[in-house]
Amino acid sequence: MNKLIEHSAYRADLTIPSSKSYMQRAVALAILSEGKTILYNPDFSNDSLAVLEIARKLGCSVQNSTDQVSIRTFKSIKETKLSVGEAGLGLRLFTPVCGLFNRDIIIGGYGTLLKRPMDSMEKPLKELGVTISTANGFIPINISGKLVGGNTEIDGSESSQFLTGLLISLPKAENNSVIKVKNLKSIPYVEMTLDIIKKFGGEIENENYEIFKIKGNQKYQGINYTVEGDWSSAASHLVAGAIAGSATIYGLNPASLQADKAILEVLMSCGAHVEIDYKQIKVVKADLQAFKFDASNCPDLFPVLASLASQCKGTSIIKGIKRLAHKESNRALSIQEEFQKLGIKIELKDDYMHITNGKILGGRVWSHKDHRMAMALAICGLVSENAVQVDDADSVSKSYPKFWDHFYMSKQIFL
């Protein structure tokens, strides 16, 4: 599916979708809990639907309605061939979870996930009791044996998602465990994980995000849990408001642990008018200046930050491009390639992206089948001299199925 975006003002007044990051964590914990879990304000993006289907196949009763999901655990697995769709978090999270079932399980996926390496999970899981094999480091993943706990060390420089899977799973293992982590990035995502584990009744001792001590044989208890709004989805609308009009977003938690809440810091630093209260976040267009920002802990913001930087006077510098190589696309190269088609100069130097503002000329661009690229390129169309066509625009369904409805609803064509 392709989308055409023409120059226009932007006036968003939206309730944002729920966080797929929190949703997937909550589903994993519900699977491992005693009793029933009810998730209010659930997310139904493609990634979240994929993990709900995994819950069903692992023997849970899952009942959906518009505003809640009920998950009750049972003992018998229905199917052992699972798919996480294109969910990188889902794969890294549910691989350790499946190790608790002591069954031969195959985890696959499709699309961009086929090109994302997963071999870094093999050694730690083997040390913790799981027999695991991959297709030369890629999916599908074959799991057998049982996650019994123990000691292991992992590298957190590329992603914290596998650590999240271990932290959620190991409290249910037979033995105590110690995880040593080197070069951990995305600490806010680990804080999210520890926060929701505690809500389900788990306990983990954290020593400066370098050593995690986990007692085995813990019990999770099903709870009623409300999934908060998604800052990653909100970022696109907030930046669109900052460069082309205004955006008022409801459903966000100003005290959220989500890493992408940092978008507010960037918007304020570059001069956008930002209003924050417990009911809404409002951003209004202003005279924007170049910014410097370290996005190492929130790499998902890179595409939308590129859209923002293109309209900030001067050259903005964003740190953290080493985190982008194994996303849905190699995002650093994808951003550079597509934005230069639109007339924006981008240089990649070591771990930094340098973006010089300029006129967006319009033209045909490609999302690289990356949901965040599609949203960022759509924003550029709002301030483009000529129309911008985004190819493979339906990639937004991975995280935000209603994005295009909300986006076009907010556009206001100049008369």
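Here are some worked exercises on helix packing, salt bridges and backbone geometry in the structure above.

This is a predicted model, in which local features need pLDDT of at least 70 and side-chain atom pairs count only at pLDDT 80 or more, while totals for chains, interfaces and linings use all residues. Residues are numbered from 1 along each chain as its sequence is written, and side-chain values use heavy atoms, with hydrogens and water left out.

**Exercise 1. Describe how helix α9 packs against helix α10.**

Step 1: Find the elements. Helix α9 covers residues 302-309 and helix α10 covers residues 331-341; helices (H or I, at least four residues) and strands (E, at least two) are DSSP runs, numbered from the N terminus.

Step 2: Take the geometry. The two axes come within 10 Å and cross at roughly 30 degrees. Axes are lines fitted to C-alpha atoms, for helices over the stretch in contact, and angles run from 0 to 180 degrees between N-to-C directions.

Step 3: Classify the angle. Angles under 35 degrees count as roughly parallel, over 145 as roughly antiparallel, 65 to 115 as roughly perpendicular and the rest as oblique. Helices α9 and α10 are therefore roughly parallel to each other.

Step 4: Assign the hand. The crossing of α9 and α10 is right-handed; a crossing has this hand if the near helix is turned clockwise from the far one by less than a right angle, and is left-handed if anticlockwise.

Step 5: List the contact (heavy atoms within 4.5 Å). Phe302, Pro303, Ala306 and Ser307 of α9 meet Arg331, Ile335 and Phe339 of α10. By class, these are five nonpolar, one polar and one charged. Here Ala, Val, Leu, Ile, Met, Phe, Trp, Tyr, Cys and Pro count as nonpolar, Asp, Glu, Lys and Arg as charged, and the others, Gly among them, as polar.

**Exercise 2. Decide how far α9 is enclosed by the rest of the structure.**

Step 1: Buried means under 20% relative accessible area, exposed over 50%, and partly exposed in between (1.4 Å probe, protein chains only).

Step 2: Apply the scale. Eight of the eight residues of α9 are buried, so this helix is largely enclosed by the rest of the structure. Among the buried residues are Val304, Leu305 and Leu308.

**Exercise 3. Repeat the packing analysis for α10 and helix α11.**

Step 1: Helix α11 spans residues 371-382, and its axis lies 11 Å from that of α10, at an angle of about 25 degrees.

Step 2: The two helices are therefore roughly parallel to each other, and their crossing is right-handed.

Step 3: On the α10 side, the contact uses Arg331, Ser334, Ile335, Glu338 and Phe339, and on the α11 side His371, Arg372, Met373, Leu377 and Cys380. The classes are five nonpolar, two polar and three charged residues.

**Exercise 4. Examine individual salt bridges and the surroundings of their partners.**

Step 1: Search the whole structure, which gives 16 salt bridges (a side-chain nitrogen of Lys or Arg within 4 Å of a carboxyl oxygen of Asp or Glu).

Step 2: Look at Asp47 and Lys20, whose side chains meet at 3.2 Å, N to O. Asp47 is in helix α2 (residues 46-57) and Lys20 in helix α1 (residues 20-31), so the pair links distant parts of the chain, 27 residues apart. Both Asp47 and Lys20 are buried.

Step 3: Turn to Lys341 and Glu338, which form a salt bridge at 3.0 Å, N to O. They are three residues apart in helix α10, and are therefore separated by about one helical turn. An α-helix has 3.6 residues a turn, so residues three or four places apart point the same way. Lys341 is partly exposed at 42% relative accessibility, whereas Glu338 is buried at 0%.

Step 4: Finish with Lys349 and Glu347, whose closest N and O atoms are 3.7 Å apart in a salt bridge. Lys349 is partly exposed at 41%, and Glu347 is partly exposed at 32%. Elsewhere, salt bridges that share partners join Asp300, Arg331, Asp370 and Arg372 into one network.

**Exercise 5. Pick out the backbone features at Pro140, Tyr209 and Lys369.**

Step 1: Check omega. Ile139 and Pro140 are joined by a cis peptide bond with omega of about 5 degrees, and Pro140 lies in strand β10 (residues 138-145).

Step 2: Check phi. Tyr209 is not a glycine, yet its phi is positive, about 60 degrees; it sits in the loop between β13 (204-207) and β14 (211-214).

Step 3: Compare Lys369, also not a glycine, with a positive phi of about 55 degrees. Lys369 is in the loop between β24 (363-366) and α11, and is partly exposed at 48% relative accessibility.
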